[in-house]
Number of protein chains: 2
Amino acid sequence: MSKPEITTSRLDDAARAGWLYYVAGNTQDEIAAKLGISRQSAQRMVSLAVSEGLVKVRLDHPIAHCLDLAAQLKKRFDLKMVEVVPTDPGSTSTTLGVADAAADEMTRWLKSEAPIVLGIGTGRTLKAAIERLSPIECPQHKVVSLTGNISPDGSAAYYNVIFNIADKIKARSFPMPLPVIASSPEERELLHAQAMIRPVLELSAQANVAFLGIGDLEDDAPLFVDGFISRDELLALRRAGAVCEIVGRAFDRNGVPIEGLTNDRVASAHIPSRETATVIAIAMGAKKLPGIVAAIKGSLINGLITDEQTAEALLRPA
Amino acid sequence: MSKPEITTSRLDDAARAGWLYYVAGNTQDEIAAKLGISRQSAQRMVSLAVSEGLVKVRLDHPIAHCLDLAAQLKKRFDLKMVEVVPTDPGSTSTTLGVADAAADEMTRWLKSEAPIVLGIGTGRTLKAAIERLSPIECPQHKVVSLTGNISPDGSAAYYNVIFNIADKIKARSFPMPLPVIASSPEERELLHAQAMIRPVLELSAQANVAFLGIGDLEDDAPLFVDGFISRDELLALRRAGAVCEIVGRAFDRNGVPIEGLTNDRVASAHIPSRETATVIAIAMGAKKLPGIVAAIKGSLINGLITDEQTAEALLRPA
DNA sequence: TTGTCTTATGGGCAAATACTCACACAATCC
DNA sequence: GGATTGTGTGAGTATTTGCCCATAAGACAA
């Protein structure tokens, strides 16, 4: 992995160029003239500003259709919050749009003066959301990971995002130095009894809000691709009726946890209580649809951030 | 202003197009295809979204605030250029940051192929700026001092920076072998009539750009500390309403020159015409605030390099 | 110091975008 | 009824932008 190592002064210039371009509406030629650089360099500065996430574009218009879908979903499934973003018909990305919406929703929570406990799951969607989060200082809050952050190979799991978010918001973070799935139920108990782990588990139960991804269990299930479970285990789960996985735990199409199998060894915290916490799933796409349906049916979540297409599919008479 | 009366559905489409463009990163062609409209219409949708303020761009960088302030100052006070640098909250230095910014601005001017005449004032801030100037060969330009460079003790004044800059940029320099303040109005006339001085004064009037410091007139006014005026003269100036000094000349809070007193004996050149030249003051800090206000009110300058804090103070409703 | 490697710069070009114009259609006005 | 005005559309065109590549500049080890 190559480290870009971008100096502060470089980012400063990039921000300048980005400001001149997006806020002041200059062309790249004008920026080049004003900054005394070539147009090509100006272009590079602007694109650097974009790629470094300095430039945030927000659309301040609730598209009627999306609002409508959100309202319907909220009513039909008795959810606390629903956010529906437009779908890009051509794109196959499972993060596009929802990641930004999730980042916005997080920001809304983080702006709270009162200290909150923020639970964080894992997954690609969540990672993308955190990346889009604007830095905001909120040392009053606590961020707690709901899943272990140790990869099967012993490294910190790539899609565990607790460190990224803690860094961005300058809050105290409580990672869970565990594998996602222990080697045996006994080992899980042993691990959970550890002095370092117990407080984290307790804190996770007190979360005011949690953001979770929903993992599918298709052939390229994230849990399998990232090496947390074997192919055989994946197939066994599917045979047992599992359709999705949340913080490592597998559920059937009604949101009921699968008995036995890997679920006996999942070391993650439990999903915070839907009575006391807002538990928001961030998920979109046909692949995740069964999982979203399951999560809703089983009342595993009471909040949802998804896209138009998925929202429509959810509302379609089953 | 005519209200176009845009229907909701129209704005909805615009938002959708804007979303596809800015968030999903589609080209207008793709948007056109997806929404089943012509490319031109897609373009119109996107630009409608922008002009209706649906698209909000935010820059997540400290610099963004500075640029905002600069744009406001420029507009409010009708200045040709304004540069605002971030304030380091801890530091009390009056040169930090602005010196670098001034050096950068000078460099931009010096990069010009066409010969320019660069007027230079005096003062600690300017000296710091010159120190930070990167050496650059530009023999096509001329650097002219706007103030005398002879100290009361006969030596070259320490804070006269013409020699430093001329040396750095390898341009022809035109120092002014005069005291800043002559001993009498008559002596001033005599000095100005000298064959060596006259061309320098004439050149100073032709300056394309000038960089000036603004001196306060507090108890530790640079003019007094450096021995150019006596304590009594300082007090007399203050009694006469003077709040600042530029190239040795004192001005009241509206930027009007003080009548009589030391001003009758100031041997400096006049500030170049704001019609033909860009006259840039480099100043920051609470102490200099009244002076900056005066310089702006009196249109003594049409460019400013300052810091965030000072910029905010300048914009605060008086 | 020299050679080599990496990184940054500016020229050129194709793609993408903004703008202008002419026209079609509809509602309104005379 | 016909003219007028406003609004939307598509075509053509100038400008702007993104990207590739050759080259220059800087870093670093020998």
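In which helix of chain A does A:Ala70 lie? In this predicted model, the residue belongs to helix H4 of chain A. A:Ala70 has a relative accessibility of 9% and therefore counts as buried, the limit being under 20%. Apart from residues up to four places away in sequence, A:Ala70 touches A:Val82 and A:Val84. A:Ala294 is 224 residues away from A:Ala70 along the chain, and the C-alpha atoms of the two are separated by 18 Å.

The contact between the two chains was examined next. In total, 36 residues of chain A are in contact with 29 residues of chain B. The size of an interface is often given as the accessible area lost when the parts come together. For chain A and chain B the buried area is about 3000 Å², and carbon and sulfur atoms give 62% of it. Of the area that chain A buries against chain B, 22% is supplied by A:Arg16, A:Trp19 and A:Leu59, which is more than any other three residues supply.

Polar interactions also occur between the chains. Five salt bridges are counted between chain A and chain B. One of the residues named above, A:Arg16, forms a salt bridge with B:Glu83, in which the closest N and O atoms are 2.9 Å apart. The count of residue pairs in polar contact between chain A and chain B, with both residues at pLDDT 80 or more, is 17.

Four elements of chain A give two or more residues each to the side that touches chain B: helix H1 (8-23), helix H2 (28-35), strand E1 (55-59) and helix H4 (64-77). The largest share, eight residues, comes from H1(A). By residue type, the side of chain A that touches chain B divides into 18 nonpolar, nine polar and nine charged residues.

The two chains are also joined through strand pairing. E1(A) pairs with strand E1 (residues 55-59) of chain B in the antiparallel sense, over five bridges. Within this pairing, A:Lys56 stands opposite B:Arg58 of E1(B).

Further strand pairing is found within chain B, around strand E8 (residues 242-246). This strand is largely enclosed by the rest of the structure, because four of its five residues are buried. Strand E7 (residues 215-216) of chain B runs antiparallel to E8(B), and two bridges join them. In one of these strands, E8(B), B:Glu245 is the bridge partner of B:Gly215. E8(B) also pairs with strand E9 (residues 249-252) of chain B, again in the antiparallel sense, over four bridges. Here B:Ile246 stands opposite B:Arg249 of E9(B). E8(B) and E9(B) form a hairpin with two residues between the strands, and B:Val247 takes a positive phi near 40° in this hairpin. In a regular strand the side chains alternate between the two faces of the sheet.

B:Glu105 is found in helix H5 (residues 98-110) of chain B. Its relative accessibility is 9%, so B:Glu105 counts as buried. When neighbours within four places in sequence are left aside, B:Glu105 is in contact with B:Met81, B:Phe211, B:Ile280 and B:Ile305.

Notes
Residues are numbered from 1 along each chain as its sequence is written. Chains are lettered from A and ligands numbered from 1 in the order in which they are written. This is a predicted model: local features need pLDDT of at least 70, side-chain atom pairs count only at pLDDT 80 or more; totals for chains, interfaces and linings use all residues. Side-chain values use heavy atoms; hydrogens and water are left out. Contact means heavy atoms within 4.5 Å. Buried area is the accessible area (1.4 Å probe) that two parts lose on being put together, summed over both. A salt bridge is a side-chain nitrogen of Lys or Arg within 4 Å of a carboxyl oxygen of Asp or Glu. A polar contact is a pair of N or O atoms within 3.5 Å; within protein, one must be able to donate a hydrogen and the other to accept it, and residues adjacent in sequence count only if both atoms are side-chain atoms. Ala, Val, Leu, Ile, Met, Phe, Trp, Tyr, Cys and Pro count as nonpolar, Asp, Glu, Lys and Arg as charged, and the others, Gly among them, as polar. Two strands pair if DSSP finds at least two bridges between them. Buried means under 20% relative accessible area, exposed over 50%, partly exposed in between (1.4 Å probe, protein chains only).
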